[in-house]
Amino acid sequence: PLDLTQDEFDRQFFDRILSYGDSNTDVLRRQAELHSRANDHISALRLDRRLAERCPDDPVVFYNLACSLSMTGRHEEARAAFESALAKVEADERLYRSHLFVKIGNTRWGQGQYDQALQAYDRAESILGTEPAGPVTDNDQPTSGWWQHWLDVQYWRIFVYYFLGRWHETAQLIERAGPAVELHGTPVQRAWFIAGHLGSVMRR
C-alpha cells in the first residue's frame, strides 16, 4: 500500500520471505533490526535468539540479542549476552569493549544494583585508558570517538549518582565533564549533560 513507510513495507516484505523459511541469515538480521526500530522488541528478540544460535561467534549478534533482552526487561539474560559479546571482541578494540561494560553496568542499575553498576562504569573508563594525544578542539580528529565514549561513561555515572541523591558527586562529575562536552559532545550528549546539570541544581 502507498501509505506504508519504507520500514513498514520492508517488514511486510521480509515477513513473507520468512514465512517460507528462515535459512537466509541476512534476512533475519534485517528483519530483527526493523522490528527493533519499530519498538517491537518481542519480535526482534525472537529473531535475535535464532541468530545467536546460528552465529555463535558473532559479537554483534550477541550485542543485538542483549539489547532486545534489555528492552524486554530481561536484565539477567541481557547481562549474560553482553558478556558473551565481550568475550568475542578482540582485546585491542577498546572503544567497543568499553561500550559493552557500560551496557553491562546499565543492566545492573536496571535491577537496582547501583554499586555493581558503578563498578562496571569504572571498568569501562579504565579500558579506554588515558585521553588520546592530538588537538582537543577539532571534532573531526579521530580522538573524537574516544571522547564520546568517555562522555557516555560519565553520563551513566551521573545518572546513578542522581538517582541515589548523591548531589555533591553529581555536581563534581558534571563540572569535570563540562569542557569535554563542549568540545567533543554530540548534540544528544550536550542535551543529557544540560539536563543533568539543571536537575542537580534544582535538587540541591
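Author: Ala, Val, Leu, Ile, Met, Phe, Trp, Tyr, Cys and Pro count as nonpolar, Asp, Glu, Lys and Arg as charged, and the others, Gly among them, as polar. By that scheme, the lining of the largest pocket has 13 nonpolar, 12 polar and 6 charged residues. This is a predicted model, where local features need pLDDT of at least 70, side-chain atom pairs count only at pLDDT 80 or more, and totals for chains, interfaces and linings use all residues. Numbering runs from 1 along each chain as its sequence is written, and side-chain values use heavy atoms, without hydrogens or water.

Reader: What makes a residue part of the lining of a pocket?

Author: An atom within 4 Å of a pocket point, on a 1 Å grid over the protein atoms alone; a pocket is an open set of points where a 1.4 Å probe fits, with protein on both sides within 12 Å along at least five of seven lines. For the largest pocket, 31 residues line the space, and Tyr-63, Cys-67, Ser-68, Met-71 and Lys-103 lie nearest its centre. Its space is about 630 Å³, filled by probe spheres set on the points.

Reader: Which residues lie closest to the centre of the second largest pocket?

Author: Tyr-155, Ile-158, Phe-159, Tyr-162 and Gly-196, out of 10 lining residues. The lining divides into 8 nonpolar, 2 polar and no charged. The volume is about 180 Å³. Helix 8 and helix 10 (187-203) each give at least two lining residues; helices here are DSSP runs (H or I, at least four residues), numbered from the N terminus.

Reader: Why is the pair of Arg-157 and Glu-125 called a salt bridge?

Author: The rule asks for a side-chain nitrogen of Lys or Arg within 4 Å of a carboxyl oxygen of Asp or Glu. For Arg-157 and Glu-125, the closest N and O atoms are 2.6 Å apart, so the pair passes. Arg-157 sits in helix 8 and Glu-125 in helix 7 (residues 114-128), so parts 32 residues apart in sequence are tied together.

Reader: Is Arg-157 buried or exposed?

Author: Buried, at 7% relative accessible area; buried means under 20%, exposed over 50%, partly exposed in between (1.4 Å probe, protein chains only). Glu-125 is buried too, at 16%.

Reader: How do you know that Arg-30 is partly exposed?

Author: Its relative accessible area is 25%. Arg-30 forms a salt bridge with Asp-10, the closest N and O atoms being 3.5 Å apart. Asp-10 is buried, at 12%. A salt-bridge network links Asp-10, Arg-30, Glu-33 and Arg-37.

Reader: How many salt bridges does the count come to?

Author: By this rule, 12.
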